[in-house]
Amino acid sequence: MSRYQTFSRGGIRPPDAKYSTSKIGIKTCPLPDVAIVPFLQHIGTQARPTVKLNDRVNEGQLIGEPSSLISAAIHSPVAGIVSEFRSIFLPMGIKTDAAVIKRDRNIHSPIKHEENHDWQSLEIEELLEILKWKGVVGQGGATFPSHIKFSIPKGHDCEVFLINACECEPYLSADHRLILESTEQIMEGIKIVQKLLNPKRVVIGIEANKQDAIEMLTAAGTAREVEVVHLKAKYPQGAEKNLIEAILGYEVPSGKLPLEVGVINSNVGTLFSVYEALVRNKPVVERVLTVAGGAIAHPANVRARVGSPVSSLIEECDGFREEPVKLVMGGPMMGFAFNNLDTPVIKGTSGILALTGNEVNTSATTPCISCGRCVGVCPMGLSPTTIFKQIEHERFDEATKYGLEDCVLCGACSYVCPAHIPLVSAFRAGRGRKRRLAARRKK
Amino acid sequence: MENLLQVLYAFISTSVFAIFLGAGLAVASRKLKVKSDEKVETLISVLPGLNCGVCSYSSCESYARAMASKTETDVSRCSPGGYDTQNALAKLLDVENGENSSRMIARLACLGDNKAAKREFTYLGYPDCESAHIQFHGDKGCKYGCLGLGSCVKSCPVDAIRYTGTGLVKVNPELCIGCEICVAVCPTGVMVMIPKDAKWFVACKSKDSPKLTKNLCRTGCIGCRICERKFLNSGFVVSDNLSMLSYNDADEEDQRAASAACPPKCIINL
């Protein structure tokens, strides 16, 4: 067989659509005049605000502290004044409080980050503490606080540290560009995490459609004993359970974390912010994301501050070429639609897509014809059609038996469905309804 | 002749076999009889038999068993049965019957149909309130209102809820058994339980500021306090920009007048 590995079950090959952005260097967005900084940009509980109304804040100043075990710190992306606290909705369905920070134009020079910290002399606990207070979270989209992810509970061992450089979602090429432009920084980030986890192996999984990045990583990785595994381009390779199966060949049991099989995954973007936090002493206040889609005049990857309104990023890419039919935050497969251009960029935003009518499926839903295509593409080996029919008939216990909770919401089934059934949307509804009914029973 | 004999043999052998099996069944039904608890049987006959789960038991039978074995002493748990069932259960079990609580039914506290309420965007996903609620808590500007996609319609065990065709749903009070499943599944919490004999009802849940409510919906309660201040005996109390009706002490004439005076007309006659 070829040297390209991939996961065994299902998967799809949607059109790549990355060419428009992957060849162009990362642009840096100007600082936003008004930054809307949500206090909940991560999985867990909302950060507790540490600033009051009309407070003057500096760039990178802590404005929200972790409020519980699973929570992350939030920092101000710009220097200015906290002008308002408001409650906003994020596209991923989260309602959160946010601080509106008006930038003070008189402060021109941002704080210099030329420092080079000596992280090697620090203890593991100290490193984790720094990660916690710099607000580092997973940047693959799930935004799980890194200081918890990189502290291994007792009784577990990290055999393999797996780095996800797949970026299997169409359109997105932010991780790709980040690898090309900051290989050394990412390698340094790997070294830091290596110290935290002490794994036996470090493996980078990358898809074959990023040949230039593969070369860079292989060149940098050989000296440091970092393996680079080439994977066949297939969606959803980046889903952690699929990535583990594709590279290591074993499966994570249903409902368990990858640590159960001795694996910890991380995204390359996260490693970059680990580097920035520990070496550059810089909190997570900016990230690289893709602005693309048929409606964008000049799609590109941009380095934008957290809290910048989406409209400012689109302006940076020379505005709209035509009126978009749908705006999506994240990738086209798993991202969330939104309608308000004032929506802020958050730590987990991997892309902003403005899609035209040609790129969006607007066909009407027709009844399921039981063709089984969704069964063929499901990466978790489930039968989406069966689960869907159980949900349609309000039988949530049966739907759970068929694996409702194992679904990773990748959207492969909805993508291939000839009847245009929004299967993933239905599974979300099913999970929510099931939870509500269970809560009622408990009462 | 031979053929006829064959038929006869077949007939006789089958009949003998059948009689033998029948006898076996007759013996088995006597010998292996499961003793049924008569008390449980009578209790089950009183219960409505909907297995709706309001009593927090999985079925009417398990509720009856719990009562028969004295692990459950509360006879008022069956909401679909109402006070008839409650009285009958109390009589059978010979326990103290508490206050006859009035039967509660579900009502939709929203009048914001397609014409009255503003929509922020077009929702294109799976037609279910739960999925729509994930996206900015629904496509309506008002985040307290009915999403009109019918989570409640699908989960109602007695089909008492129907789509109105105008972006809302309607509860049929005659069919509603008060099981509260719709209250549990509604993501915006716009379904409320009120006494079945209530005459007046505030059909709004919006706690937004008056200005915002007025912007978002023609029929939203703006918390103007007219019902509370002008009609002192009507039982309306305004808190958090929302009028609430307490059903205990109420003067019906005052309520009628308050309803007529309500600027957005969100106090409705049932």
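Which residues have the most contacts inside the largest nonpolar core? Select A:Leu131, A:Phe150, A:Phe161, A:Ile190 and A:Ile204, which hold that place in a core of 43 residues. A nonpolar core here is a set of buried Ala, Val, Leu, Ile, Met, Phe, Trp, Tyr and Cys residues joined through side-chain atoms within 4.5 Å. Buried means under 20% relative accessible area, exposed over 50%, and partly exposed in between, with a 1.4 Å probe and protein chains only.

The model is predicted: local features need pLDDT of at least 70, side-chain atom pairs count only at pLDDT 80 or more, and totals for chains, interfaces and linings use all residues. Residues are numbered from 1 along each chain as its sequence is written, chains are lettered from A and ligands numbered from 1 in the order in which they are written, and side-chain values use heavy atoms, with hydrogens and water left out.

**The cores of chain A**

Helices (H or I, at least four residues) and strands (E, at least two) are DSSP runs, numbered from the N terminus.

Centre the view on A:Phe161. Setting aside neighbours within four places in sequence, the residues in contact with A:Phe161 include A:Phe150, A:Val193, A:Leu197, A:Pro199, A:Ile264 and A:Leu271. Contact means heavy atoms within 4.5 Å.

A second, separate core has 28 residues, among them A:Leu409, A:Ile421, A:Val424 and A:Ala426.

**The six-stranded sheet**

Select the strands of the open sheet of chain A with the order S1-S14-S13-S17-S15-S16, where the pairing is mixed. Two strands pair if DSSP finds at least two bridges between them. S1 (27-28) and S16 of chain A are the edge strands; each has a single partner strand, so one side of each is left without a neighbour in the sheet.

Move to strand S14 (residues 300-305) of chain A. Six of its six residues are buried, so the strand is largely enclosed by the rest of the structure. In a regular strand the side chains alternate between the two faces of the sheet. On one side of S14(A) are A:Ala300, A:Val302 and A:Ala304, and on the other A:Asn301, A:Arg303 and A:Arg305; both faces are covered.

Which residue of S14(A) is the bridge partner of A:Thr28? A:Arg303 is that partner, and S1(A) runs parallel to S14(A), joined by two bridges. A:Arg303 is also the bridge partner of A:Val288. Strand S13 (residues 286-292) of chain A is antiparallel to S14(A), with six bridges between them.

At the S16 end, strand S15 (residues 326-329) of chain A is joined to S16(A) by three antiparallel bridges. A:Val328 has A:Ala337 of S16(A) as its bridge partner.

**The three-stranded sheet**

Now select the open sheet S3-S5-S6 of chain A, whose pairing is antiparallel. Strands S3 (48-49) and S6 (74-75) are at the edges and pair on one side only. Strand S5 (residues 62-65) of chain A has two bridges to S6(A), and A:Gly64 is partnered there by A:Ile74.

**Where chain A meets chain B**

Show both chains. The contact set is 24 residues of chain A and 27 residues of chain B. The two chains bury about 2,100 Å² between them, 58% of it on carbon and sulfur atoms. Buried area is the accessible area (1.4 Å probe) that two parts lose on being put together, summed over both.

One to display is A:Arg433 with B:Asp128, where the closest N and O atoms are 2.3 Å apart. On the chain A side, the elements that give two or more residues include strand S7 (80-90) and helix H14 (423-442); H14(A) gives the most, with nine residues.

**Two stops in chain B**

Select helix H3 (residues 60-68) of chain B, where the buried residues include B:Cys60, B:Tyr63 and B:Met67. Helix H2 (38-46) and helix H4 (82-93) of chain B are among what covers the buried residues of H3(B). B:Lys70, with a positive phi near 65°, follows H3(B).

Last, go to B:Ser209, in the loop between strand S5 (200-202) and helix H8 (210-216) of chain B. B:Ser209 is partly exposed, at 35% relative accessibility. Its C-alpha is 6.4 Å from that of B:Asn241, 32 residues apart in sequence.

Notes
Salt bridge = Lys/Arg side-chain N within 4 Å of Asp/Glu carboxyl O.
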